[in-house]
Structures are given as C-alpha cells and as structure tokens.
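I am opening my notebook on a structure that is new to me.

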Amino acid sequence: MRTRTLALTASAGAALLATALLPTNATARESGPQRVQEGMVGAADLLAKVTSCSQISNGKYRTDEEASATVPVCGKNGAVFWKADMDIDCDGRITTQCNAGTDPWFQDDTAFHQSDGKPLSAEKLPYVVVPSSSSIWNYAGAGIKGGGVVAVIYNNKVEYAVVGDTGPDKIIGEASYATAKALGIDPDPATGGTGSGVTYIVFKNNRTSPIESHGAAVTLGDSLAKKFLQDN
C-alpha cells in the first residue's frame, strides 16, 4: 500500500551498514531453512504455460516509481499472470520484523483482513500485493479476490500466497516479507527484494478460508495449479 521512491536511499544505506556490523554468523532479520517447493506441481510445469502473453490490461505497469512501464497483465484460462520484480511489503500487523523501525514505508494495515478483522501479518503470512484498480486494470473485474491464491515462482521454486494487499495503481511486483523469505529472496523491507525473475500466477474466482491459513492456501493452490495445467 505504499509507493517507493529514491528519496529513501539514505534509509536503505543505514540498513546496509547495520547488516555489515552483524557478526559473521548472523543475517539481518532472516533465519531458518527455505522451502524448495509447496504442493505437487513443479515450477517448470507452471512456467511452461506462461511463456507467451495474451495481454488483458489496458496498458502496462512500472516495477518501481522511477521505471518505465513494461509489465502487462496477461490472461489464461482460470488465471492471470505477470512477470516482474519483487519489492517487499511489510505492511499489516506490527511484528518484530515488520514495523516502523524496520520499514521506512510501514503502514499498520492491509487491504484485506484476517477472519478476526485484524490486518494480515506480512512477517508470518505469504501474500501478494495487486495494483489498485485503475484504467489500466481492475483486478476485481478479472475475478481476483482478497484471499485468492497466487502461485509465486522464483529460481525454480513455487510458493503459494494469497492476495493480501493493494498497492499503487501504476506499479506491480510486490509481496510480503514471508513470501520473499520462503523463496530465498532477501526479505528486508528497506534493502531487500529482487529486481527481476518473479512470476505471479493469480488464480481466478477463489478465496482461501480463513485467509490467514497458509496451509489452506497451499491445499487450495495445489488443486488450482493442477487444474490450470489441464486447462491451458
């Protein structure tokens, strides 16, 4: 739910300095093993279905405020997809890794909420940010719902996430701290992310219940991914 600009380069530099001062056996706000794949459908099988783009957006998106608009939203049977970068969204519930001290862009809310009405936790829950509706593209009109499942693919890994937040209406390519960490991407909200190589396949007309259950998202995502392979 934020727009990142070069104005905060100083904050990023400070975060890099803090990382440099850590002991050699420590990493900044990241620990634990990375999952290789979730579900039974492999990254290569999914990527083979999104090699060409039938553009459904009325234009293209930027990956950052300073970038040119180069990313279309593409349509497939039962899903839409885009290929972009990954910026780190730490918005939502205040946690150890996601708060105003760790994230210069922090906001304590998300567009979609847990079943108890609280904001989602970017630190704990893999979620994806979709662009706010605009003349370029209206995600809701395409059958995309809050809590809908997304297969996020990077470096031959598949991570199932949910649609959890909305962002600027001209920028695409953002996911939660937890999504990045699971895929082996630096999840630091100030200095992390990756500049390219991420594919987001957003399945239509579904909703994880409850939205905060990652296990439910994986189960539903695996089923939707298998159907996606059959239908495309």
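Is Asn155 buried or exposed? I looked it up, and Asn155 counts as exposed, at 58% relative accessibility; here buried means under 20% relative accessible area, exposed over 50%, and partly exposed in between, with a 1.4 Å probe and protein chains only.

I note that this is a predicted model, in which local features need pLDDT of at least 70 and side-chain atom pairs count only at pLDDT 80 or more, while totals for chains, interfaces and linings use all residues. Residues are numbered from 1 along each chain as its sequence is written, and side-chain values use heavy atoms, with hydrogens and water left out.

I found Asn155 in the loop between β4 and β5, with a positive phi of about 55° although it is not a glycine. Helices (H or I, at least four residues) and strands (E, at least two) are DSSP runs, numbered from the N terminus. Asn205, in the loop between β7 and α4, has a positive phi near 55° and is exposed, with a relative accessible area of 56%. I also noted that Pro210 lies in the loop between β7 and α4, and that a cis peptide bond joins Ser209 and Pro210, with omega about -5°. Most residues other than glycine have a negative phi, and most peptide bonds are trans.
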